[in-house]
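Please read the points below with the sequence and the model side by side. They are set out as a colleague's note, and each takes up one topic.

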Amino acid sequence: MRCDRSFAFADYQILFPVHSASAPREFFRWPPPPPAPIPIHPASARASRGRKSRSFRCFRRILGAAISVQNSPPHICLTMLRAKETFRKMYSVAKNYCGGGLAASDALSGAVSALGRSLKPSRKASRHVVPCRARSFTQCSLGGGSADQEIVIALGSNVGDRISTFDRALRMMKNSGVNITRHACLYETSPAYVTDQPRFLNSAVRGTTKLEPHELLKKLKEIEKDIGRTDGIRYGPRPIDLDILLYGKSHISTENLTVPHERIHERPFVLAPLVDLLGSSTDDNVEKSWHSLAKCTGGFFESWDKLGGESIIGTEGIKRVLPVGNRLLDWSERTLVMGVLNLTPDSFSDGGKFQEVEAAIAQTKLLISEGADIIDIGAQSTRPLARRLSADEELERLVPVLDAITGIPEMEGKLLSVDTFYAEVAAEAVKRGVHIVNDVSGGQIDPRILEVVAELGVPYVTMHMRGDPSTMQSEQNLLYGDVCKEVASELYKRVRQAELSGIPLWRIVLDPGIGFSKNSKHNLEVIMGLESIRTEIGKMSLGASHVPILLGPSRKRFLGEICNRVNPTERDAATMVVATAGILNGANIVRVHNVKYGVDTAKVSDALSKGRR
């Protein structure tokens, strides 16, 4: 495709033809809807039909000859410069033919002058767009050439294995020329328009592409067809639905494609994922242009607020969910409790107690009986200065216990998490039945774990830590200005690395790392500042600010320092106090050794939280 631009001059509009394989002869008009035809003075209307017809045929021929863009983009500016004088002559000729019947002469004259000013020969022309003065002309680049365009694509599905379908669609998009850089959260929504059908999963992705709009549309339709979508009831059930919501800074209106998507503003299941892909405070010029395309002066944020915004999340109409195991987990319903099972001889709290298979099984059954939702199994100690095991050593401890635990009936309906930073251990654990990978290093110790988890398709807990367990409490790693802001910034970098490695945001859980690279004061500030951490992350990505937060304060050293409790097992009461504070400040999962106390704490904290709303 060579060019697809329209310049609006007052009541006039020049249309540039589009030539491409997918669109043999289409025209792009800006701004939509197209302006009315050139107005004709009443005196001209009374002129003879033949004279009027000849005059306007002449007008159109001159116009077409002057500014028809049939050559490559570098010639556009030259063509428009040559058109400057032609416009004046054209207007004079047309006026004489029509007996002075062309209206808005001042507007046309002014527009011609503005055209000349904006296209001075000294101005360097863009390779792909004609430089235009804001509000004098409207430019719309439809991409092409070597320039990457930022795009947003919406995903929807309500037939078959919806999560697997999304995963497949993402892989196919990547193979079709779409570089996915960010993901929205995942939403389960009630069907719209046709309500007698299964619930939908909805999300969206942000990325870049060199594909032109209609080429991108063609690729998406091919993906839909390959996955199994066929023509059916409009708004009815479908295995996959892929829509272009935004394309660069463009407003596109053709027979086959409208961007922004024409129904964005009335659909919560579209707006929620779209807003996830934006930041609440950003200098991103692309995001600013996207907001300018919204129907509200406050951009898409205002559009979302008009539909209810965050207040409708968690209702029957739209739920934010985490796909884990064979379920969709709505973590807003209640706080989840993760029970700790250490298989290590040197853990700070219960090292050596559960190394034997029988002891580990007994402890697992106890944790489940006390109400644990998740069992987190760790075979490597991450206490300060602990000796690091190799992946093989870790697996040697883990595999026998894991095989035994997955076979007990009590595990039915419960979730298993593996506490590891090794890619090899994560892969083997998931192969043997683990549902979640909990990485204290956030991919810093073994970066391969990110791509491995992406392939495994399981939730990933990424934690904040500076250095590794042997260096995390060094003087340098304990230096903070504003601990919550810096934790938020560093955690978001982990999120970006995970997303770029292929882990969708809807599978990410954040852990601020209580006790890791933090002293007592830092830990307390983080616990009380979870909401501010979410807010800081939201400035960069609203979606990332909504993901679940896991808090792990259980029996940590800072509690012993505050309460003067040397024995870690005597810190359970203090653990429940900070767990309560964490839940009230936005934690969704608490990781504890004493599950019985943890479950009661979660229930009371949830009740307090609901009473505060």
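1. In what follows, Ala, Val, Leu, Ile, Met, Phe, Trp, Tyr, Cys and Pro count as nonpolar, Asp, Glu, Lys and Arg as charged, and the others, Gly among them, as polar. The model is a predicted one, in which local features need pLDDT of at least 70 and side-chain atom pairs count only at pLDDT 80 or more, while totals for chains, interfaces and linings use all residues. Residues are numbered from 1 along each chain as its sequence is written, and side-chain values use heavy atoms, with hydrogens and water left out.

2. Grid points are joined across faces, edges and corners, and a volume is the space filled by probe spheres set on the points. Counted in this way, there are 5 cavities of 30 Å³ or more, and the largest cavity holds about 60 Å³ of space. Its lining is made up of L322, V324, L329, M338, I374, L415, I436, P459, V461, V509, L550 and I589, which by class gives 12 nonpolar residues, no polar and no charged ones.

3. The largest pocket has a volume of about 1000 Å³. Of the 41 residues that line the largest pocket, R229, R238, D241, D243 and H261 lie nearest its centre. The elements that each give two or more residues to this lining are β4 (149–157), β7 (200–209), α6 (213–227), β8 (241–247) and α7 (268–276), where helices (H or I, at least four residues) and strands (E, at least two) are DSSP runs numbered from the N terminus. By class, the lining of the largest pocket has 16 nonpolar, 12 polar and 13 charged residues.

4. The C-alpha atoms of R206 and H183 are separated by 6.2 Å, although the two residues are 23 residues apart along the chain; for G207 and R182, 25 residues apart along the chain, the C-alpha separation is 6.5 Å.

5. Rings of Phe, Tyr and Trp (its six-membered ring) pair if their centres lie within 6.5 Å, and planes under 30 degrees apart count as stacked, over 60 as edge-to-face and the rest as tilted. The structure holds 3 aromatic pairs. In one of them, the rings of F166 and W506 have their centres 6.0 Å apart and their planes at 55 degrees, so this pair is tilted. The pair links distant parts of the chain, 340 residues apart, with F166 in helix α5 (residues 162–175) and W506 in the loop between α14 (483–500) and β18 (508–511). F166 is buried at 0% relative accessibility, and W506 is buried at 2%.

6. What sits over the ring of Y480? The charged end of R466 does, 3.9 Å from the ring centre; a charge sits over a ring if NZ of Lys or CZ of Arg is within 6 Å of the ring centre and within 35 degrees of the ring normal.

7. A cis peptide bond, with omega about 0 degrees, joins V259 and P260, and P260 is found in the loop between β10 (258–259) and α7. Y235, which is not a glycine, has a positive phi of about 65 degrees and lies in the loop between α6 and β8. N564, likewise not a glycine, has a positive phi of about 60 degrees; N564 is placed in the loop between α18 (557–563) and α19 (572–584) and counts as exposed because its relative accessibility is 66%.

8. On cysteines, a disulfide is taken as a pair of cysteine sulfur atoms within 2.5 Å, and by this rule the count comes to 0 disulfides. C185 is buried, at 3% relative accessible area, whereas C563 is partly exposed, at 36%.

Key: Buried < 20%, exposed > 50% of the residue type's maximum accessible area, 1.4 Å probe, protein only. 1 Å grid on protein atoms, 1.4 Å probe; cavity = no way out; pocket = protein on both sides within 12 Å on 5 of 7 lines; lining within 4 Å.
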